Amino acid sequence: MNDSLDVKRTAKLYINGAFPRSESGRTFVVNDQNNKFLANVSKASRKDARDAVVAARSAFNKWSDASAYNRGQVIYRIAEILQGRSPQFIAELESAGVKKAAPHVLEAIDKIVWYAGFSDKISMVVGSANPVAGKFFNFSIPEPTGVVAVCVSNEPSLVNLVSQISAAIVSGNTVVVVVPENSSLIAVSLAEVLATSDVPAGVVNILTGDSAELAPWLASHLDVNAMDLSGISDKNLKTELEASAATNLKRILRTFPDGLSAIKTYVEIKTVWHPQGF
Amino acid sequence: MTFEYAPAPESRSIVSINPKNKLFIGGEFIDAKSGEYFQTTNPATEEVLAEISLASAKDVDAAVVAARKAFKSWSKLSGSQRAKYIYRIARIIQERSRELAVLETLDNGKPIRESRDVDVPLVAAHFFHYAGWADKLEYAGVGPNPRPLGVVGQVIPWNFPLLMLAWKIAPALAAGNTVVLKPAETTSLSALLFAEICQQAQLPAGVVNIVTGAGETGKALVNHPDINKVAFTGSTEVGRQIAKAVAGTNKKLTLELGGKAANIVFEDAPLDQTVEGIVDGIFFNQGHVCCAGSRLLVQESIHDDLMSLLYPRLELLRVGDPMDKNTDVGAINSAEQLKKIHELANSGDEQGAVRWTSSCPLPGTGFWFAPTVFTNVSQSHRIATEEIFGPVLSVLTFRTPDEAIDKANNTPYGLSAGIWSDKGSRILEVAAKLRAGVIWANTFNKFDPTSPFGGYKESGYGREGGRQGLEAYLEAGVAHE
Amino acid sequence: MKSIGSTLTSQLADATTSESSLKNFLFGLSPVDQVGANARAAMLSTRSIKTTAKAAGIDLAISMIDLTTLEGMDTASKVRTLCAKGRHPDISDRTIPTVAAICVYGDMAKIAKEALAGSNVKVAAVATAFPSGRASLKVKILDTQEAVQNGADEIDMVIDRGAFLSGQYGKVFDEIQQIKIACGDAHLKVILETGELKTYDNVKRASWLSMLAGADFIKTSTGKVQPAATLPVTLVMLQTIRDFEKITNHKIGMKPAGGIRTTKDALKYLVLVKETLSDEWLTPDLFRLGASSLLNDLLMQRKKLQSGHYHSLDYVSMD
């Protein structure tokens, strides 16, 4: 009989590889399906969002410069750690009301593995050698867009969460993820998985909080290059965010597509010409 | 006995310009409902060439309706049949290439040498390339059973009127879309001649519609509720407005916008070819090129050597009558654009840069700006950050490769860049570090239908050219169970 | 190697002090991108030369021709015929300029000299075991001396391409210097045989080497190797001449030779000179066209300009 009291986890933000509380000192309460208290989760502010973008930007060069093989291994490692902690995720998903949580977690693990394996294939599939007229060697290769702000749905889905993150980071982007209430606990747990995988600090940053409060700051942020709005359900908010994101012409994902399409949203095709001669 | 080039004007008799031009909607030339016209002029002479219909929102609507109607059958037509229509267009362009080149030069002001040797051949090549894609869409890269998007609204600029039309229309048609295209206000004529070519090719009515007009016409097109995609080439400012306008809709969007390309010269560069690359980079098409190499970044150790080769070379540029086959730099496209160039060049003087101007004589009428170089330019100068879109080069220096890369990337734009060096590994490393969509190493301003073109950051998104350019007009199909 | 510092600036004199300094100098030259050089030459060849420009260009080109016969079957009679043609390209029209020179093998120099007596047409003789250059320096010097003694005003020598391609730049340099001495007052044209040097970097280095060693002219080809003169090769050599002048103030001449057969070709070369070196080089003193059949095409085009109708070779003397 175990009568020892549980040591509860403090649900904090995940910025630059560390777990800070919100600079605002705010939290929100997350209860389970039976309205039983689960946690006080840090409620990120615009300043936390700002810090997260700084962290993502500073991590970008190294992460995008890493070999595709290396990025693939790092992302695969996320799946490994997640597998080991799947009971925790199953429990959290169940307490958030997700049915069939166990196969859901397995699906999430499979998604990560799928993306991990794409890291060194994107260039082959998306790039090309172009037979231009004239004595030139000409090739096109995908490069990561930069810092991606990802808006997660308030309907908890580990599959969506890991897919949205993986689609961005697999090609070398870094992300700032905005996670609303209902999805917050799995995101906090995922942050712990990320922190114990080999994901470099700043590559993934997770902000739990109110999307309507945080996302506009990211949408108008000039150092954010792309935005996944698929998790925003409020149509007006979504339109406002897209319009605001136009300020610096962010690449926009309105709905999250299957397969390679999401990855393609966050890559830029670079075409290089060079003469061929003696 | 002096060997001076005598005037060698291309004959203008090959083109006949309608004094009053209609819209091209549903396969017919029809009067604009607006009943309004505007004038198009030859920027080299300020002569009025023709009157052009000003399409109103109602006219745009009629064009979209025609395109929607045509979409039903065009999208169901087999790819191989669509291909043959597009091949026909390519061939007719080749057949009428002289006429197209002359018309383009008259309306735009670019030298006949460029419209004849660059623009029009590339236009034909684009149609030829994309014709071949029409029955191979499953290899486009969007997955099995790719589908066209529907009706595409396309708005193009005045700097390469016909070439931008080709970049827009060829892939759209190959993918099975129908289009409504609005040419730029100052350069409608070649698009209207293209409409005639569509008729000669017996392209089904409504597959291509041309609505002429200015900003309001473009707005009506972009905001039309029944278009599925907007493709725009033009300024970043307008691109931003369009991106805002399509927010909250299901319209897809690709944008080719401004640039402020760095053309980086390392000390081991092949200097004579570099000089040519600099000239091609900024004086091609009067510098009216979004990917122009407008910021020359020169390694300090060869700055003086390079400049001593560059100035005499620029003195050789023949500025004047665009119809003369020996003209290198033609007319500025409009009085408005000329004013902008003057304004920015003046800011260079005011901010302390040193101006050098070619001593070439300029014609008395028309819009002209002599080839100009600013040295002693700093990153903070307006002429180093803002797109001038004219024959004005800003020269900056750097000491190390890292500094060159940092300076090159220090801009909200990211369309193109140039690298001049004899060292392969350096070229590849610098190319990898530059945040720009097109990198020309030891060459500049080269274009090809197979080569994707488009920008990073505020230079836009989406690509034109090649397989990647085709993807912009397709979406993944529903998999067959 | 012997330095020829007297005529060169110290920077260039240093380059010629030793085999290794020469090599360092040649390898320190700015490289040539082949595709870019070809593109520039192709662009310049689109220049449209019409009416007055064409008329001026044709007469200029005629005056720049080194009218050439370099055949094993050359005879005294053939050389005399050619000289007559060079003096009066078209007997019916005295306004036509003479050609610049008659170019023959050294043993024919004497015949040419006699045939050209009293005219301004120079005698150019090929020497140094033309066209291969495969002989000892002793033989090459003798070859040159004999040609000069026979009356050659100009010597067209070939460089030792084998030595050049194997990196013996000093050997090539020394030979040119020795031949220059053997020339005495005769002008020295150094043939690079660019068709065997293959790369534009080599062409540029060989041009520099020849100018440093004392060439008065640099020349593309013997005409016996394909490709002979091409526009881009000529462009690269003209740019080298421009660079040399910038440092030394010394104007070197240029002679493309071989394969230049039509008026159109010739005018393209003039355009190249005009837009690379300026009008100063548009004189027979600094630019020559090594050719044979070109002259008659120029004459026909000249007649066409004057008469307004197209002409026939039947109305122009064949040689």
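Predicted model: local features only at pLDDT ≥ 70, side-chain atom pairs only at ≥ 80, totals over all residues.

Tutor: Residues are numbered from 1 along each chain as its sequence is written, chains are lettered from A in the order in which they are written, and side-chain values use heavy atoms, without hydrogens and water.

Student: At what angle do the axes of H11 and H12 of chain C cross?

Tutor: Two packed helices are described by the angle between their axes and the distance between the axes. Here, helix H11 (residues 200-213) and helix H12 (residues 231-248) of chain C cross at roughly 40°, and their axes come within 9 Å. The crossing of H11(C) and H12(C) is right-handed (the near helix is turned clockwise from the far one by less than a right angle).

Student: Which residues make the contact?

Tutor: Among them are C:Trp208 of H11(C) and C:Phe244 of H12(C), contact meaning heavy atoms within 4.5 Å.

Student: How much area is buried between chain B and chain A?

Tutor: The size of an interface is often given as the accessible area lost when the parts come together. Between chain B and chain A about 3000 Å² is buried (1.4 Å probe, summed over both). B:Arg435, B:Tyr456 and B:Tyr461 supply 15% of the area that chain B buries against chain A.

Student: Which residue forms a salt bridge with A:Glu268?

Tutor: B:Arg463 does, with the closest N and O atoms 3.7 Å apart; the criterion is a side-chain nitrogen of Lys or Arg within 4 Å of a carboxyl oxygen of Asp or Glu.

Technical notes. Axes fitted to C-alpha atoms, helices over the stretch in contact; angles between N-to-C directions. Helix = DSSP H or I, 4+ residues; strand = E, 2+ residues; numbered from the N terminus. Buried area = accessible area lost by both parts, 1.4 Å probe.
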